[in-house]
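I keep these notes as a record of what I looked up, entry by entry. The sequence and structure come first, and my entries follow.

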Amino acid sequence: MKEFSLLIKPASFDCNLRCEYCFYLRKEEIFGHCTHRMSDEVLKKMVSSFIDLDIRNHIFSWQGGEPTIMGLDFFKKALKLMQKHGNGKNVTNTLQTNGTLLNDDWAKVLHDYNFLVGLSLDGPAKIHDQNRFDVGGKGTHHKVMDAIKLLERNNVEFNILTLVNQANVKRPVGIYRYLKNLGVKFHQYIECVEYMPDGKLAPFAVSGIEWGKFICQIFDEWYKNDRYNISVRLFDTILTKLVDHQVIACNTGRDCRQYLVVEYNGDIYPCDFFVEPRFKLGNIMENSWEEMLESSLYEEFGKRKCASDEQCGECQWLELCAGCCPKNRPDYKQDARAVSELCAGWKMFYSHTIERFKSLADEIRQNRELEHQAHIHRQVMHMLQQGKIGMEAPCPCGSGKLLKECMPRS
Ligand code: SF4
Ligand code: SF4
Ligand code: SF4
């Protein structure tokens, strides 16, 4: 079976914050104005049936709304179910949170069960608090700072997710250095592209050019000072594509069938940005995973990504950009082929960085080769010491030479 992961919204769009740019708060139109909480039945069915699948990695990514409003006991229940059904399988949990409800009890569980935590932070208080406030309209920056200290104190691995919007798009280097000075080693910059009902960009959203300038400057700063000790998710994704030809983030793939969204009531959708009745694939209480994964609706959704404009077909960056995420295409509701709002930004970014990406990719390949040779060398020395191999034997490195001819090189 093809690998896929779950993006779970146990409390649907319910959240203790009211961020100005939040696209998921608007899901009230679909799920109604009431409290949304995943039931024990749905939780049990989701965990047991997903773990039963014949895939290598069982990844549960908890998101919202704000998933921590479910309470810690809900997550303890989920972890117990994973242990019960896991049976030695490879299970990973991730949590994307605004961080405001975390405390030491949470941190202990996150640490003990090796959660990878994503914490949302848009920059210093005067920037973060412009958009990220609670229900009473108060900024939440100080609470995120507390969460960072809490996670560090408890050795929980976390990255910072920064939504690039009008409040911070003009200050890329300032934002980057701010995070770096906080000691953040894993950065993730996500573009905020949202449309108004009349099709215009929302006031907090960024244009393609703004995005391009922002991410180019982040790259320059990172490349100059930190390329060996700070991870920026987009750059990792590009390097993995260049070195291993693998897609590790859906926006750089040519097909949108990468994960499934599980809503609080068991409804299944193909993507976080397309939780809409027309894309509902089924419900886990009624449909099997296979049924939903093999449905024509899912196939059609997956292919929307490469049904892009002919500009993309002829573009030199198609391999890396993959036509950009369909939610950034202006008329996506009517025509999935429209060119992304960010197109100009991607072109600017790839032309500005490609040579340096290529040289980093070469470096990674060379380091791997050196590591490989060192590994073989250690193995051969071990076998020689144990008398399990002679100098007249073919060298295990695959050179086709005898060990006595090859060893000096390795
Ligand atoms: S914390 Fe996340 S889910 Fe909650 S309002 Fe802000 S963006 Fe939306
Ligand atoms: S629409 Fe965008 S976010 Fe959704 S799966 Fe496709 S690339 Fe990923
Ligand atoms: S850079 Fe623009 S034209 Fe090229 S693949 Fe991306 S969205 Fe398409």
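**Entry 1: Asn-87**

I began with one residue: does Asn-87 count as buried or exposed? I noted that the model is predicted. I found 9 C-beta neighbours inside 10 Å of Asn-87, so Asn-87 counts as exposed. The cut-off I applied is that a residue with 12 or fewer such neighbours is exposed. I located Asn-87 in the loop between H3 and E3. I also looked up its backbone and found a positive phi of about 50°, although Asn-87 is not a glycine. I recorded this because most residues other than glycine have a negative phi.

**Entry 2: His-245**

I then turned to another residue with a positive phi. The phi of His-245 is near 55°, and His-245 is not a glycine. I placed His-245 in the loop between helix H9 (233–244) and strand E8 (259–263). His-245 has 8 C-beta neighbours inside 10 Å and therefore counts as exposed.

**Entry 3: The protein as a whole**

I next looked up the overall figures. I recorded 15 helices and 10 strands in the protein. The C-alpha trace spans about 75 × 50 × 45 Å along its principal axes. How does the radius of gyration of the protein agree with that of a compact globule? For 410 residues such a globule would have a value near 22 Å, and the protein has 24 Å, which agrees. I noted that 33% of the 410 residues count as buried. I also looked at contacts between residues at least 6 apart in sequence: 68% of them join residues at least 24 apart.

**Entry 4: The sheet**

I followed the strands across an open sheet of 10 strands with mixed pairing. I wrote down their order as E7-E6-E5-E4-E3-E2-E1-E8-E9-E10. The edge strands are E7 (231–232) and E10 (282–283), each of which pairs on one side only. Helix H8 (residues 208–225) packs on this sheet and touches E5 (158–164), E6 (186–191) and E7. The direction of H8 makes about 165° with that of E6.

I then checked individual pairs. Strand E3 (residues 90–97) and strand E4 (residues 116–120) run parallel and are joined by four bridges. Thr-94 has Leu-116 in E4 as its bridge partner. E5 and E6 also pair in the parallel sense, over five bridges. Here I found Gln-188 in E6 as the bridge partner of Leu-161.

Which side chains of E6 point to one face and are buried? I listed His-187, Tyr-189 and Glu-191 for that face.

**Entry 5: Gly-212**

I returned to H8, where Gly-212 has its place. Gly-212 has 22 C-beta neighbours inside 10 Å and so counts as buried. The cut-off for that class is 20 or more. I looked up what Gly-212 touches, leaving aside residues up to four places away in sequence, and found Ala-344, Gly-345, Trp-346, Met-348 and Phe-349. The C-alpha atoms of Gly-212 and Ala-344 are separated by 7.1 Å, while the two residues are 132 apart along the chain.

**Entry 6: Ligand 1**

I listed the residues around ligand 1, among them Cys-15, Cys-19, Cys-22, Gly-64, Gly-65 and Asn-98. By class I recorded six nonpolar, three polar and two charged residues in this shell. Gly-64 and Gly-65 are joined by a cis peptide bond, with omega of about 10°. I noted this because most peptide bonds are trans. Gly-65 is in the loop between strand E2 (57–62) and helix H3 (72–86).

Around ligand 2 I found residues including Cys-250, Cys-256, Cys-271, Cys-325, Lys-305 and Lys-327. This shell divides into six nonpolar, two polar and two charged residues.

Which residues come nearest to ligand 3? Of the 13 residues around ligand 3, they are Cys-312, Cys-315, Cys-321, Cys-343 and Trp-346. Helix H12 (310–313), helix H13 (318–321) and helix H14 (343–385) each give two or more residues to the shell. H14 gives the most, with three residues. I recorded nine nonpolar residues, three polar and one charged in the shell around ligand 3.

Key:
Residues are numbered from 1 along each chain as its sequence is written. Chains are lettered from A and ligands numbered from 1 in the order in which they are written. This is a predicted model: local features need pLDDT of at least 70, side-chain atom pairs count only at pLDDT 80 or more; totals for chains, interfaces and linings use all residues. A residue is near a molecule or strand if its C-beta atom, placed from the backbone, lies within 6 Å of it. Ala, Val, Leu, Ile, Met, Phe, Trp, Tyr, Cys and Pro count as nonpolar, Asp, Glu, Lys and Arg as charged, and the others, Gly among them, as polar. The radius of gyration is taken over C-alpha atoms; the globule rule is 2.2 Å times the number of residues to the power 0.38. Two residues are in contact if their C-beta atoms, placed from the backbone, lie within 7 Å. Two strands pair if DSSP finds at least two bridges between them. Axes are lines fitted to C-alpha atoms, for helices over the stretch in contact, and angles run from 0 to 180 degrees between N-to-C directions.
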